[in-house]
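The briefing below is arranged by topic.

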Amino acid sequence: MVILETERLILRQFEKTDAVAMSGVFGDPDVMRFGPGVQMADWVSAWIRVLIEEVYPTRGYGLWAVVEKSQGAFIGYCGLFHFDDLGGQPEIEVGYRLARTYWGLGYATEAVCGVRDYAFSKLGITRLVALIDPQNGASIRVAEKAGMRYEKDVLLEGYDHPDHLYVISRSQLSIDD
C-alpha cells in the first residue's frame with residue numbers, strides 16, 4: 001500500500017519480498033556505521049515481518065519502503081518509529097536508511113520531509129524527533145534541512161555514547177490538513 005509520494009519517491013508499506021533488497025541496505029557496513037551494525041538476512045526478514053504483522057496494524061504507521069520513481073528502484077526505508085520512553089517521555093522518531101548508491105542525491109531529505117508532512121497533516125502528530133549520532137554529519141544536515149533543531153543529548157540503553165535529539169513541532173510549519 002502506497003503511503004505517500006514526493007516528487008521523486010514513493011513510500012509504501014513493506015512487503016515480504018522486500019527482504020532481499022533491504023538485506024543489501026542492512027548488510028552494508030557503511031550504511032550501518034551509526035547503527036546496531038550489519039544485520040543478516042534472517043534478521044531482516046523478521047524485521048519486515050514485525051512491521052507487517054504488528055507495527056502497521058497496531059500503530060497505523062511505521063517504517064516504509066522507499067522506491068525511486070523514475071527507475072522503480074528500491075532504495076531503503078524512511079518512516080516513523082514509536083518510543084514509549086525516550087529521555088523521560090514518549091516520542092515518535094522519523095528515521096531512515098538508504099542504500100549507499102543513493103547517498104548525496106537529496107533523497108534522504110526528500111523522504112524525511114515527506115514523512116514529516118504526512119505525520120503532521122494526515123496522522124495528527126504534533127512533534128517529531130530524530131536520534132542522530134553526533135558524528136553523523138550527513139544525518140544532522142538532513143534533520144536541519146527538514147526544519148529540526150537540536151534539543152538535547154539522549155543515552156539509549158546498550159549504547160556507549162549519547163545521541164543528539166533533534167526535534168520539530170507541527171506548529172513550526174504551515175501544514176494544511
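The points that follow concern a predicted model.

**Nonpolar cores**
- The largest nonpolar core has 51 residues, of which Phe14, Met22, Trp47, Trp64, Leu80 and Leu128 touch the most other members.
- Helix α3 (residues 107–121) gives the most to this core, contributing nine residues.
- Another core, of eight residues, lies apart from it and includes Phe83, Val129, Val154 and Leu156.

**Helix α2**
- The 19 residues of helix α2 (residues 41–59) should span 27 Å at 1.5 Å a residue, and the 25 Å between the end C-alpha atoms agrees with this.
- A kink of about 40 degrees in α2 is centred on Leu51.
- Val44, Trp47, Ile48, Leu51 and Tyr56 are the buried residues of α2, and their cover includes α1 (19–26), β3 (63–68) and β4 (73–86).
- Gly60, with a positive phi near 85 degrees, follows α2.

**Aromatic pairs**
- The aromatic pairs number 11.
- Phe26 and Tyr77 form a tilted pair, with 6.0 Å centre to centre and 35 degrees between the planes.
- Because Phe26 lies in helix α1 and Tyr77 in strand β4, this pair ties together parts that are 51 residues apart in sequence.
- Trp47 and Tyr77 also form a tilted pair, at 5.3 Å centre to centre and 45 degrees between the planes.
- Trp47 lies in helix α2 and Tyr77 in strand β4, so this pair ties together parts 30 residues apart in sequence.
- Trp47 counts as buried at 16% relative accessibility, as does Tyr77 at 9%.
- One aromatic cluster is formed by Phe14, Phe26, Trp43, Trp47, Phe74 and Tyr77.

Note on methods:
Residues are numbered from 1 along each chain as its sequence is written. This is a predicted model: local features need pLDDT of at least 70, side-chain atom pairs count only at pLDDT 80 or more; totals for chains, interfaces and linings use all residues. Side-chain values use heavy atoms; hydrogens and water are left out. A nonpolar core is a set of buried Ala, Val, Leu, Ile, Met, Phe, Trp, Tyr and Cys residues joined through side-chain atoms within 4.5 Å. Buried means under 20% relative accessible area, exposed over 50%, partly exposed in between (1.4 Å probe, protein chains only). Helices (H or I, at least four residues) and strands (E, at least two) are DSSP runs, numbered from the N terminus. The expected span of a helix is 1.5 Å times one less than its number of residues. The bend at a residue is the angle between axes fitted to the seven residues ending there and the seven starting there. Contact means heavy atoms within 4.5 Å. Rings of Phe, Tyr and Trp (its six-membered ring) pair if their centres lie within 6.5 Å; planes under 30 degrees apart count as stacked, over 60 as edge-to-face and the rest as tilted.
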